[in-house]
Amino acid sequence: MTNETIATVRTMKAAVYYGAHDVRVERVPIPTPKSGEALVRVLRCGVCGTDASEWSAGPIMFAVDKQHRVSGHQGPMIPGHEFIGEIVTAPPESGLATGDLVASGAGVSCGHCPRCLEGRTNICENYYTLGLNTNGGLAEYVASPTQVLVRIPAGIPLDRAGLAQPLAVGLHAARQARVKDGDRVVIIGAGVIGSLILMGLLHLHSDLDVTVVDFAGPKLPRAMEIGATRTIEPSDALASEVRNAIGARGADVTIEASGAPGQLTMAIALTRSGGTVLAVGLPKRPPEVDVHDLIVREITMMSTNAHVCAADMPEALALLGDRLPAELVFDSVVSLDDVAATLERLASGSLDGKVLIDPSL
Ligand SMILES: [Zn+2]
Ligand SMILES: [Zn+2]
């Protein structure tokens with residue numbers, strides 16, 4: 001679509017979030033890019049557990065009905081922080097041109113606060129995320145700062161490229177876990193993000209023993225296909241079953257990727273003295289955690305948030321063009337009209353893979 005046609009169309013189709021269980025497909029104005037932003041025609045946009053939590057119990061993080069400190073966005077808001085698209089217009093200094101295919105990292109950092117200067121742009125003091133704090137990619141068009149846009153290498157199918165942002169999150173988590181070659185690792189939760197963390201770990205390390213814990217169903221054979229050493233279903237005997245499998249000492253690193261109640265305490269129980277627990281899953285309610293066990297066994301608690309755009313996004317895209325079995329977490333491509341139903345499936349736990357929205361459908 002040319003600039004002239006956009007100027008005459010002026011509105012676009014978007015999925016707009018008003019509150020829990022209230023996402024409406026509407027026609028809204030096509031955004032006007034601000035300084036440093038590109039106008040992107042969205043080709044694919046994923047939805048994830050964060051969006052599903054907003055659907056079932058929000059607004060939690062979504063900047064709806066409250067002023068956001070950075071973007072100043074006030075709801076209703078267009079969600080979608082996992083999008084790829086085609087450049088319509090971009091500032092010349094960005095080096096991006098009309099027609100370029102890009103993936104958006106969505107998390108925007110200021111570049112000058114102490115955390116940005118350390119390279120930890122994902123915990124920037126002025127951080128905001130498209131689709132969480134201001135309008136995102138569940139629309140035909142989105143205005144995105146060019147600093148978070150990364151060119152998609154030639155030859156990557158759109159349905160793979162659409163996994164770039166969640167894979168970047170998985171890679172960042174895999175790095176935060178401080179896993180070493182030879183370690184025994186447990187991952188609690190084999191959903192999309194747990195699976196992408198597993199792919200990240202197996203990409204970064206050659207000699208790992210990885211136990212994946214989740215309920216029976218297609219997620220377990222998928223974890224084995226990705227490269228898990230074994231899978232174990234949760235039960236009252238989980239801690240002893242895991243120790244029987246990996247040794248009485250416990251895991252060197254346990255990654256809690258489910259966000260489910262009680263699982264951080266379980267992660268601590270599965271970890272060896274002096275080992276590491278990485279918290280990934282965002283709990284819906286403040287969790288009760290057995291810190292006694294954590295303290296007396298000197299277990300290190302780590303956390304991970306989003307990804308470092310400049311490092312993790314290009315690496316994710318390179319891996320998607322290469323050997324990573326990312327298609328294993330792909331479910332389907334649907335239209336904007338299917339967003340509400342998809343969020344409901346995600347929130348109810350009946351969706352095991354990644355659904356991508358194609359706004360042109
Ligand atoms: Zn996400
Ligand atoms: Zn900053």
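Author: A residue is buried if 20 or more other C-beta atoms lie within 10 Å of its own, exposed if 12 or fewer, and partly exposed in between, with C-beta atoms placed from the backbone. The model is predicted: local features need pLDDT of at least 70 and side-chain atom pairs count only at pLDDT 80 or more, while totals for chains, interfaces and linings use all residues. Residues are numbered from 1 along each chain as its sequence is written.

Reader: Which residues of helix 7 are buried?

Author: Helices (H or I, at least four residues) and strands (E, at least two) are DSSP runs numbered from the N terminus. In helix 7, residues 219-226, the buried ones are Lys-219, Arg-222, Ala-223 and Ile-226.

Reader: Why do the buried residues line one face of helix 7?

Author: An α-helix has 3.6 residues a turn, so residues three or four places apart point the same way. The arc is taken from the directions that run from the helix axis to the C-beta atoms. For helix 7 the buried residues fall within an arc of 100°, so they line one face.

Reader: What do the buried residues of helix 7 pack against?

Author: Two residues are in contact if their C-beta atoms, placed from the backbone, lie within 7 Å. The partners of the buried residues are helix 6 (192-204), strand 11 (209-213) and strand 12 (230-232). After helix 7 comes Gly-227, with a positive phi near 135°.

Reader: Is Val-296 buried or exposed?

Author: Val-296, in helix 10 (residues 291-296), is exposed, because 9 other C-beta atoms lie within 10 Å. Between Val-296 and Val-192 there are 104 residues in sequence and 33 Å in space, C-alpha to C-alpha.

Reader: How many residues of domain 1 are in contact with domain 2?

Author: Domain bounds come from an automatic or database domain assignment. Here that assignment gives domain 1 as 3-166 + 307-357 and domain 2 as 178-303. On the domain 1 side 14 residues touch 15 residues of domain 2. Helix 2 (residues 49-57) supplies the largest share of that side, four residues. The centres of the two domains, over C-alpha atoms, are 29 Å apart.

Reader: What radius of gyration does the protein chain have?

Author: The radius of gyration is taken over C-alpha atoms, and the globule rule is 2.2 Å times the number of residues to the power 0.38. With 361 residues, a compact globule would come near 21 Å; the protein chain has 20 Å, which agrees. Buried residues make up 48% of the 361 residues.

Methods:
Chains are lettered from A and ligands numbered from 1 in the order in which they are written.
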